[in-house]
Amino acid sequence: LRGFANYFRVANCARVLKQMMSWIRRRLRCLQLKQWKKPSRLHRRLKQLGYRPPFKFIKMQSWRNAASPLAHLAIPNAYLHDDLRLLDLTQVKTGITVLEFGVS
């Protein structure tokens with residue numbers, strides 16, 4: 001991600017990077033849900049974080065459910081960025097000119 005961001009930061013693409021970042025986070029949530037396999041493991045994670053049941057049962061292998069509120073509560077953005085050290089593409093400064101690189 002870091003190399004991708006550095007390559008495309010010369011363009012004014014902040015909105016595209018923001019959309020890509022949301023897609024990447026959703027994809028990571030989808031993969032985690034798929035690894036958990038059963039809703040009971042998702043519910044166990046929510047209980048560990050201090051949320052109270054009852055929780056809905058969702059399909060664990062669904063792209064649509066990776067954007068559900070339960071997935072966001074179990075795997076928040078702060079966890080992805082702080083604990084897993086995922087680079088946040090929305091923080092990349094875009095629109096850098098060639099002169100700022102020191103190349104004339």
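Mentor: Patches are made of residues with over 30% relative accessible area and no salt bridge, like charges being joined within 9 Å and nonpolar side chains (Val, Leu, Ile, Met, Phe, Trp, Tyr) within 5 Å. Accessible areas follow Shrake-Rupley with a 1.4 Å probe, and a salt bridge puts a side-chain nitrogen of Lys or Arg within 4 Å of a carboxyl oxygen of Asp or Glu. This is a predicted model, where local features need pLDDT of at least 70 and side-chain atom pairs count only at pLDDT 80 or more, while totals for chains, interfaces and linings use all residues. Residues are numbered from 1 along each chain as its sequence is written, and side-chain values use heavy atoms, without hydrogens and water.

Trainee: Which residues form the positive surface patch?
Mentor: Lys and Arg count as positive. One member, Arg44, belongs to helix α3 (residues 39-48), helices being DSSP runs (H or I) of at least four residues. The patch comprises Lys37, Lys38, Arg41 and Arg44.

Trainee: What is the phi of Lys37?
Mentor: Lys37 sits in the loop between α2 (14-36) and α3. Most residues other than glycine have a negative phi. For Lys37 the value is positive, near 65°.

Trainee: Which residues does a cis peptide bond join?
Mentor: The loop between α3 and α4 (69-74) contains Pro54. With omega about 10°, the cis bond joins Pro53 and Pro54.

Key
The place of a charge is taken as NZ of Lys, CZ of Arg, CG of Asp or CD of Glu. Helices (H or I, at least four residues) and strands (E, at least two) are DSSP runs, numbered from the N terminus.
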